[in-house]
Amino acid sequence: CRELPGGSFSGLEPMGPLWALQPQKPFWRLVKRDVQSPFLLQLEVLEGHGERPGRLLAQAQHERAFLRDGVRRVPVREGRIRATLFLPPGEDTFPGIIDIHGLGGGIFEPRASLLANHGFATLALAYYQFEDLPQEPKELHLEYFEEAVNYMLQHPQVKGPGIGLLGFSKGGEVSLAMAAFLKNIMAVASLNPPVATTCIPFSYKDKIIPTLTLHEHKAKITYSKILDYSDVLDDPFQAPGNQSLIPLEKAEAQFLFIVGQDDCVVKSEYHATEVCKLLQAQGKGNFQILSYPGTGHCIDPPFFPLYCIGSHPVFHKRAVLGGEPRAYSKAQVHAWSQIQAFFKKYL
């Protein structure tokens, strides 16, 4: 059992030193900016415990690589697309996935690089605040995402006839909208997505999907004085939120909803459950929901430490994001294997 400032756990937890890590500066999140170098973790066992530990008994270095041997990282600047493609080793064709991150802009590569280690050609796609992409988009044009789909399908190492999408939060919402309006999308795995348009409206050809209204005054102050924003979005299943609902009944794809029961940013379990009821009422069975207790808004690949209190993606104020370390670490491992199995099955 470790009682150091870095976080603690008890019992036999082989990966505990990783998932129980806590930031020295409160509310910081561990992210990997450059996937071309590994995380290096220095482990030391010291005699005794407490403020002044005794002599060093043993030490080791643990390395977590994001690019395994032979995985290629290819920056993509084709037409309007700004992305990074990760290709598994070898000359074969591979199932293709587009990975779309949440609000915050820029490009997010860790998840895509790890998927490539498992045999998927994965495109980490930026969609705003990156290079010459819009800084503050008034709407998200699905034509941009369509271009990314076509890029993947035309790539000599991507196995057709369709591709998969993996999206987190707003990126999950983008993935659902792509499945509803675009062709050639066969499988969509989304992590804590709203199933209606939030913050930035979508447009496709001459259609616009407006955003749900946000009611900032509905934020609640928790006992630790940190804001809980879980009730600020209109309910998309009740008018006036209806027109923001993404028309998933139009989609041909298979859906995997991965939701945290303690998500304090989006009522993601409610959103997924209700939208699947609507699909079922139309005789569709192209969906499954994986719902995890003790899991908040942020769902990373395995053994990233929990980010349960941090900056709210919309209001940029300190907010409760949800989750509890041990349950979340179990959810990460289970969800990660299920995502891979889902894409192997449908791509």
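Helices (DSSP runs of H or I, at least four residues) and strands (DSSP runs of E, at least two residues) are numbered from the N terminus. This is a predicted model, where local features need pLDDT of at least 70, side-chain atom pairs count only at pLDDT 80 or more, and totals for chains, interfaces and linings use all residues. Residues are numbered from 1 along each chain as its sequence is written, and side-chain values use heavy atoms, with hydrogens and water left out.

Let's start with the sheet. Eight strands form an open sheet with mixed pairing, in the order S3-S4-S6-S5-S8-S9-S14-S15. Two strands pair if DSSP finds at least two bridges between them. At the edges, S3 (72–78) and S15 (287–292) each pair on one side only. From one strand to the next, the twist averages 20°. Strands S4 (residues 81–87) and S6 (residues 121–125) run antiparallel and are joined by four bridges; here Leu85 stands opposite Leu123 in S6.

Angles run from 0 to 180 degrees between N-to-C directions, with axes being lines fitted to C-alpha atoms, for helices over the stretch in contact; contact means heavy atoms within 4.5 Å.

| Helix | Lies across | Angle |
|---|---|---|
| H4 (residues 170–181) | S5 (94–100), S8 (158–168), S9 (185–191), S14 (254–260) | about 140° to S8 |
| H5 (residues 268–281) | S14, S15 | about 155° to S14 |
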